Amino acid sequence: MINSSQVSFFFMTAYIDSTALTYLYFVVILLLYVFIIFSNVLLIVVICVNSSLHEPMYMFLCSLFVNELYGSSGLFPFLLVQILSDVHIISAPLCLLQVFVVHSYGAVEFLNLAVMSYDRYLAICYPLQYNTRMTPKKIAVLIALAWLYPFVAMSFMMSLVPVKLCRNQINKVYCDMHSLVKLACTETALTNIYGLTATFSTIFISLLLILYTYIKILVVCFSGSKQTRQKALNTCTPHLASILNFSFAGSFEISQSRFNMSFLPNVLRIFLSLYFLTAQPLFNPLMYGLKMSKIRNVCKNLLLNVKY
């Protein structure tokens, strides 16, 4: 039995030692991280400096891109260090920090997507009242709620981290709460109940709001004009694709944390686990940057000005 207050590090046992491919893995991960930083920062800057993009939808997108930087920064620097290390360990404070970042990132992502679906619902179903309903104050409140609720919930969850541990080996490539709970020697019912409640309430509320808004949007599209359908298609396609992508990634990560997935090959489990934290930061800038004409045109003009 080990007192968690005295644990100085954890062993990460899921890493596959492959000396011949170490530098290849490092370069690939580094290039992915550089692309994530570049693409998300570019879109944040484009939205902030162009007054034509100072609309509610783009403010919510800016919040989403900031979260992509937040989540990926909790994983990629750690991965780069671990890939080059002979012994895969992480200090206890860094492990706890990574737990906080990973879980709060997932909650902020779901809530941001839910807020964006509500924004699209108002824009498509109530176009004449949109500006009076989606005021700057309301935008600030919605973004603040999407960030503050996960941070408060995770702060409380961190106080429930087990005190007494039987082992200090984590069978993953990064730290998460349930991996720490599995190491406990003492009763963890309260931690499990709170974790499940916080996770599924966040997902359930977000998906319920998303489902409701898209049903309303579909009703308006089928009964509206061709122009209304085209507007809905242009603005909702990247959002819907992002929801489906993150829901798939999140579902596997939750299943892997809570159930025995040893029947799957280890490489596949590692890939799908990393997909949860890498897919959205890569996927969202590409989807929104290429699909949304306003952002695409501003980016083109910016690149042309830099070139000439």
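Q: Why is the contact of Asp119 with Arg120 called a salt bridge?
A: In this predicted model, the closest N and O atoms of Asp119 and Arg120 are 2.9 Å apart. A salt bridge requires a side-chain nitrogen of Lys or Arg within 4 Å of a carboxyl oxygen of Asp or Glu, and the pair therefore qualifies.

Q: On what basis are the values computed?
A: Local features need pLDDT of at least 70 and side-chain atom pairs count only at pLDDT 80 or more, whereas totals for chains, interfaces and linings use all residues. Side-chain values use heavy atoms, without hydrogens and water, and residues are numbered from 1 along each chain as its sequence is written.

Q: Why does Asp119 count as buried?
A: Its relative accessibility is 1%; buried means under 20% relative accessible area, exposed over 50% and partly exposed in between, with a 1.4 Å probe and protein chains only. Arg120, at 6%, is therefore buried as well.

Q: What makes Lys172, Asp176 and Glu253 a network?
A: Salt bridges link these residues: Lys172 meets Asp176 at 3.7 Å, N to O, and Glu253 meets Lys172 at 2.3 Å, N to O.

Q: Why can the pair of Glu253 and Lys172 be said to tie together separate parts?
A: Glu253 lies in helix H9 (residues 226–258) and Lys172 in the loop between strand S5 (169–170) and helix H7 (177–181), so the pair joins parts 81 residues apart in sequence. Helices (H or I, at least four residues) and strands (E, at least two) are DSSP runs numbered from the N terminus.
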